[in-house]
Amino acid sequence: MFGALLDIRMRPVGIVRALEGGLSRIDIFEEYEPALLGVEGFSHLIILYWMHKLPKGERALLRVRPKGRRDLPLVGVFASRSRARPNPIGLTVVKLVGRSGRGLMVRGLDALDGSPVIDIKPYIPRSDRPSHARVPDWVEKLG
């Protein structure tokens, strides 16, 4: 019911440029450069991006086998890290290698070249890493 009532619109704040050796550059749009003030004080960032190349059919999937493995149980997409999602929003914790003007050099970003970045948040260990997290047994099989 609420889905039909809400009209959510987002504007990207930047774009991903995939580089060699596991590095990526996030080019922040000029209007958002002031939002970068102080970001270089953090070693890691949380990057939220739009998976712009996800086939529309995958957005309709509501259940998946994690990593496509038949030895793992069928679970809802909200109980997985599958790219199949109603709203293809990706989230990755990355290491901030450096900043140059509006460019952020990061390591570990799993977004494709050209992916729109929809938000950036600092990684803060005490609030982003719960001390008593629990996961289902099958997660251990992922390695």
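This is a predicted model: local features need pLDDT of at least 70, side-chain atom pairs count only at pLDDT 80 or more; totals for chains, interfaces and linings use all residues.
Colleague: Why is methionine 10 called partly exposed?

Modeller: Its relative accessible area is 44%. Buried means under 20%, and exposed means over 50%. The value for methionine 10 is 44%, so this residue is partly exposed.

Colleague: What makes Trp50 and Ile118 contacts of methionine 10?

Modeller: Contact means heavy atoms within 4.5 Å. Methionine 10 is in contact with both Trp50 and Ile118, leaving aside neighbours within four places in sequence.

Colleague: Where does methionine 10 lie between helix H1 and strand S1?

Modeller: Methionine 10 sits in the loop that joins them. Helix H1 covers 2-5 and strand S1 covers 14-18.

Colleague: What separation do the C-alpha atoms of methionine 10 and aspartate 119 have?

Modeller: They are 9.8 Å apart. Along the chain, 109 residues separate methionine 10 from aspartate 119.

Colleague: How do you know what share of contacts in the protein chain join residues at least 24 apart?

Modeller: Take contacts between residues at least 6 apart in sequence. Of these, 69% join residues at least 24 apart.

Colleague: What is the secondary structure of the protein chain?

Modeller: The protein chain has 3 helices and 8 strands. Their order along the sequence is α-β-β-β-α-β-β-β-β-β-α.

Colleague: What percentage of the 143 residues is buried?

Modeller: Buried residues make up 29%. Each of them has a relative accessible area under 20%, because that is the cut-off for buried.

Colleague: How many side chains are positive, and how many negative?

Modeller: There are 24 positive and 15 negative side chains. The centres of the two sets lie 6 Å apart.

Key: Residues are numbered from 1 along each chain as its sequence is written. Side-chain values use heavy atoms; hydrogens and water are left out. Helices (H or I, at least four residues) and strands (E, at least two) are DSSP runs, numbered from the N terminus. Buried means under 20% relative accessible area, exposed over 50%, partly exposed in between (1.4 Å probe, protein chains only). Lys and Arg count as positive and Asp and Glu as negative; His and the chain ends are not counted. The place of a charge is taken as NZ of Lys, CZ of Arg, CG of Asp or CD of Glu.
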